Amino acid sequence: MVTAIFPAAGQGKRMKASVNKVFLELMGKPILVHTLLAFSRCDAIDNLIVVVGADEVTFIKALLATVPGLKPYKVIAGSTERQYSIFNGLAQLSPATDVVLVHDGARPLVSCQIISAVVEEARKSGAAIAAVPAKDTIKIVDKDELVEATPDRQSLWTVQTPQGFTKEVIVKAYQQAANDEFLGTDDSSLVERIGVRVKVVQGDYSNIKVTTPEDLLIAEAFMRDGVVAKVVSRVSSSVSGVVSNVKEKIFRKR
């Protein structure tokens, strides 16, 4: 069984919003709903755990009750840090779960192809993350804002979610972090600490995390582009069908 955990207890400060950013609408639906539906449409996923602020649990339960097509889900209260919220989610795992995915609640454009690839690699390697090669040159800068080094861009990847792990690996990593009072930058950083190598799975540049007002515009552009592409594909198929029928009739007359 594959369980996906969604940390979604953000405050929306960088979004300059007065509410949690996952509640903001994108193409007529809250960002969180888009995210959960993306996973629910994917056969590789069995159930969902949504981790939100304690004061948002009742609202989210009521919201999701109105959304058709969701995989079985739980809504639970998070904590003061993303890492602690995910730890709460791990405590809710079914005994039948063997693979755990962690995905940002505000990353709504993930594809089933990426989700499935992370699940498959997590089962094979124990730990896998979606990522894309860095496009920009990266500088290492000291506290005085002076450049110390320029890493080779070919070795740099921008990390995304989902990040996937066998249940044994992720639970052990989180327990060790709790024992050591260590706060990591992402889930894979905790796994790296216990000596498990993490495999990179090719992500997609459209799999953005909606964090700022500009991200909302970019996400909407990607979604509109996807809709247009589907329409063009359907029209092309219809036109091809019509052309084939016409050709068939012409050749019959000959």
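Asp-104 sits in the loop that connects β6 (99-102) with α4 (112-125); here helices (H or I, at least four residues) and strands (E, at least two) are DSSP runs, numbered from the N terminus. The model is a predicted one, in which local features need pLDDT of at least 70 and side-chain atom pairs count only at pLDDT 80 or more, while totals for chains, interfaces and linings use all residues. Residues are numbered from 1 along each chain as its sequence is written, and side-chain values use heavy atoms, with hydrogens and water left out.

With a relative accessibility of 6%, Asp-104 counts as buried (buried means under 20% relative accessible area, exposed over 50%, partly exposed in between, with a 1.4 Å probe and protein chains only). The side chain of Asp-104 makes a polar contact of 3.2 Å with that of Arg-82. A polar contact is a pair of N or O atoms within 3.5 Å; within protein, one must be able to donate a hydrogen and the other to accept it, and residues adjacent in sequence count only if both atoms are side-chain atoms. Setting aside residues up to four places away in sequence, Asp-104 touches Pro-7, Thr-35, Arg-82, Thr-161 and Lys-209, where contact means heavy atoms within 4.5 Å.

Pro-7 leads on to the sheet. Its bridge partner in β4 is Val-51, and Ala-4 is likewise partnered in β4, by Leu-48. Strand β1 (residues 2-7) and β4 run parallel and are joined by five bridges; β4 also pairs with β5 in the parallel sense, again over five bridges, with Tyr-73 of β5 as the bridge partner of Leu-48. Strands are taken to pair if DSSP finds at least two bridges between them. The seven strands form an open sheet of mixed pairing, in the order β5-β4-β1-β6-β10-β7-β11. Its edges are β5 and β11, each of which pairs on one side only. From one strand to the next, the twist averages 25 degrees.

Helix α1 packs on this sheet, touching β1, β4, β6 and β10 (157-166), and its direction makes about 160 degrees with that of β4. Helix α5 (residues 167-180) lies across β6 and β10, running at about 110 degrees to β10. For these angles, axes are lines fitted to C-alpha atoms, for helices over the stretch in contact, and values run from 0 to 180 degrees between N-to-C directions.

Strand β4 is largely enclosed by the rest of the structure, because six of its six residues are buried. Both of its faces are covered: Asn-47, Ile-49 and Val-51 are buried on one side, and Leu-48, Val-50 and Val-52 on the other.

The interior can be described next. In soluble globular proteins, nonpolar side chains tend to be buried together. A nonpolar core is a set of buried Ala, Val, Leu, Ile, Met, Phe, Trp, Tyr and Cys residues joined through side-chain atoms within 4.5 Å. The largest such core has 44 residues, of which Leu-36, Phe-39, Ile-45, Val-50, Ile-60, Leu-64 and Leu-101 touch the most other members. Two or more residues each come from β1, α1, β4, α2, β6, α4, β7 (127-133) and α7 (213-253), and α1 gives the largest share, seven residues. Beyond its neighbours within four places in sequence, Leu-36 is in contact with Phe-6, Leu-48, Val-50, Leu-64 and Leu-70. Apart from this core lies another, of 19 residues, among them Ile-49, Leu-90, Leu-93 and Val-196.

In helix α2 (residues 57-64), the buried residues are Val-57, Ile-60, Leu-63 and Leu-64. They lie on the same side of α2, because they cover an arc of only 130 degrees around the axis, the arc being that of the directions from the helix axis to the C-beta atoms. Their cover includes β3 (29-30), α1 (31-40), β4 (47-52) and β5 (73-77).

Finally, Val-198 belongs to the loop between α6 (187-193) and β11 (199-202). Val-198 is partly exposed, at a relative accessible area of 25%. Residues up to four places away in sequence aside, Val-198 touches Ala-127, Ala-128, Ile-129, Ser-188, Val-191 and Glu-192. One of these, Ser-188, is found in helix α6 and counts as buried, at 2% relative accessibility. The C-alpha atoms of Val-198 and Phe-165, 33 residues apart along the chain, are separated by 9.1 Å.
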